[in-house]
Amino acid sequence: MSAAPSDYDPEKNLTLPSSVGGSTDRNDFAPGHTESNGSWGTRFIDSFKRDPNAQVTKPAQATNPREYDHAAAAERTANSGLATKLKGRHLQMIAIGGSIGTGLFVTSGAALSTGGPGSLIISFAVIGVLMFCTVQALGELAVLFPVAGSFSAYSTRFLDPAWGFAMGWNYAIQWLVVLPLEIVAASITLSFWPGANDTNKAAWVTIFLVVIVAINFFGVRGYGEAEFVFAIIKVVAVIGFIILGIILNCGGGPDGGYIGGRYWKSNNVPANYPGYQMGQPAGSIVSGAFNSGFKGLCSVFVTAAFSFAGTELVGLAAAESENPRKSLPTAIKQVFWRICLFYIVSLTIVSLLVPYGDARLLGDSSSDAKASPFVIAINNAGIEVLPSVMNVVILIAVLSVGNSSIYGSSRTLAALAEQNQAPRILAYIDRAGRPLVAIVVASALGLLCYVVAGGQEDANTALNWLYSLSGLSSIFTWGSICLAHIRFRSAWKKQGHSLDELAFRSQVGVIGSWVGFILNCLVLVAQFWTAAWPIGYGTYTAAGIAQNFFLAYLAAPVVILFYIPYKIYYRTPFMKTMDMDLQSGRKEWDTPALLEAERVERAQLPRWKRIYKIFC
């Protein structure tokens, strides 16, 4: 029912009729609103207010305040009032290059140093398989249920509300700490240039923070357009590096001869290797396929997971897409190419150009762009201009991930509030369809970036602990998505539905979700092993081992601390298949007619394009 102005209650979940009805064109100042006749400044200020035509969604039905009403929570996330302004091209670029940042460009160097080139490629390939299965499962769920909160809401709906609470806060915290992490990384990246290095880093982080926050205050369209431009730059840069790397490996550089697979062989670094000319002791740079054996391989998994973090944002963005049925499947399929081309191929090229024993790979911190194996490879070739160009790309990539961090954390916080799992004020949606309060909170956490003012040592300590919160968080998120998809399929069948009713089906099905879930569990086990018994742990003190463990595994106790108290206090049930809500937020696509129309359209395409459509 419509809420009269006198009934307005900021503590209730209010949503716009346009979102309930599935409209994709949100009119912030509709005819009939007196505000629409005002000046531009008046309209701008009024856009931050709630829409006066909002309607109240289903209130909680639980009579006991300590019982969780999962049905009401599902309905509220289905009618959140977020603007639906993301176009297909936005989703495609978010899927292809949206989260490529320091994980690929910088910290992959430390991973190469830790495990060697063989471990680097294997770990990224394993996480790539895991990621592909996860995104396929997420795509199926997000097309059918494009609800606010996406995967955290799916955990609440299909697994356990307490686990959904833990996963929601785990994901929100992950992105909340990534914002200051990436802003500081951007300021460190600028130290590559001597002039910028002489400027106080606090000034640079202020500029970056203001730019990122301003983009997100333009709403989801501003985020989408910014990511579209950022992703294009990153994609072009990676493709350009791959071409350049092949040329350099074949001896086409100004200072080089043929390299081939030289650095995959044990201790095969020549005496004229550029690293020696830059001050490293003669004979100190080792090479080979693996470093530290199996434990070196396991140590690289968390870096690979951090590098892939953000791929799932395409599912979170489905709730703000104009037509998720059309745009989301295409974006999901393109993740395959992102994994193969931008990670596996580019890192293979890097491993052929830089030996793992090069001390420059370690850098001064996990955000030191001078430690980027991409930059080192270009420097080795003696190309003077391109290292600066590559650092500009790294800077853009860092700002892109910072931009995504506000988007991801604010939408997750708003969805948690919709489900009564966070303060209700965070569910405030303004007339432009922005989760305004959540954006402000996420932006405020960016102030942690001023740790750079405390000096390099304090900044590195803070960055390491922030990194520890975000590094392993994605594994829990991805595992929950796979398990939620498995449980959803079980409930879908148990409640009398067929797979023909699904507008988009995971290409790897339930088996793929089991593969993804098992791989997530194995990565958690491997990371626990390397965290508790790190490489060379015999040289560690007891305090050093404890610190190393929590730096590597801090996300796990955080998840447990969120899950167990909530589970005990609210006595939440493990969701049974017959009790799962398969209606709230569900898009009632005319599936039989739609599939038939697509089949006819596909039959008329040339063979090459039919094959192309399978993958894209």
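**A close look at helix α10**

Modeller: In this predicted model, the residues of α10 that count as buried are Ala-202, Val-205, Phe-208, Leu-209, Ile-212, Val-213, Ile-215 and Asn-216. When the helix is viewed down its axis, these buried residues fall within an arc of 155 degrees, so they line one face of α10. The background to this is that an α-helix has 3.6 residues a turn, so residues three or four places apart point the same way. As for what lies over that face, the cover of the buried residues of α10 includes α8 (161–189), α11, α18 (386–418) and α19 (436–445).

The length of the helix can be checked as well: α10 runs over residues 201–217, and at 1.5 Å a residue its 17 residues should span 24 Å, which agrees with the 24 Å between its end C-alpha atoms. Just after α10 comes Gly-219, which takes a positive phi of about 85 degrees.

For a second example, the same reading can be applied to helix α24, which covers residues 555–570; its 16 residues should span 22 Å at 1.5 Å a residue, and its end C-alpha atoms are 23 Å apart, which agrees. The buried residues of α24 fall within an arc of 165 degrees as seen down the axis, so they too line one face of the helix. Among them are Ala-555, Val-559, Tyr-563 and Lys-567. On the face turned away from the buried side, α24 carries the exposed residues Leu-561 and Ile-568. The residue that follows α24 is Arg-571, whose phi is positive, near 50 degrees.

Positive phi values also turn up in loops. Asn-267, which is not a glycine, has a positive phi of about 45 degrees, and Asn-267 sits in the loop between α11 (219–249) and α12 (274–277), where its relative accessible area of 59% makes it exposed. Ser-292, again not a glycine, has a positive phi of about 65 degrees; Ser-292 belongs to the loop between α12 and α13 (293–308), and at 35% relative accessibility it counts as partly exposed.

Asp-358 lies in the loop between α16 (335–353) and α17 (373–380), and, leaving aside residues up to four places away in sequence, it touches Tyr-273, Gln-280, Ile-285 and Ile-376. Between the C-alpha atoms of Asp-358 and Ala-371, which are 13 residues apart along the chain, the separation is 9.9 Å.

On the surface, Phe-294, Phe-528, Trp-529, Trp-533, Tyr-537 and Tyr-540 form a nonpolar patch, with about 620 Å² of accessible area together. One of these, Phe-528, lies in helix α22 (residues 509–532) and counts as partly exposed, at 37% relative accessibility.

Stepping back to the protein chain, its secondary structure comes to 26 helices and 2 strands, and buried residues make up 57% of its 616 residues. Of the contacts in the chain with a separation of 6 or more, 81% are between residues 24 or more positions apart. The accessible surface of the chain comes to about 24000 Å², and 64% of that belongs to carbon and sulfur atoms.

Methods: Residues numbered from 1 in each chain as written. Predicted model: local features only at pLDDT ≥ 70, side-chain atom pairs only at ≥ 80, totals over all residues. Heavy atoms only, no water. Helix = DSSP H or I, 4+ residues; strand = E, 2+ residues; numbered from the N terminus. Expected span 1.5 Å × (residues − 1). Buried < 20%, exposed > 50% of the residue type's maximum accessible area, 1.4 Å probe, protein only. Arc of directions from axis to C-beta. Patch = residues over 30% accessible without salt bridge, like charges linked within 9 Å, V, L, I, M, F, W, Y side chains within 5 Å. Areas by Shrake-Rupley, 256 points an atom, 1.4 Å probe, with all protein chains shown as cover. Salt bridge = Lys/Arg side-chain N within 4 Å of Asp/Glu carboxyl O. Contact = heavy atoms within 4.5 Å.
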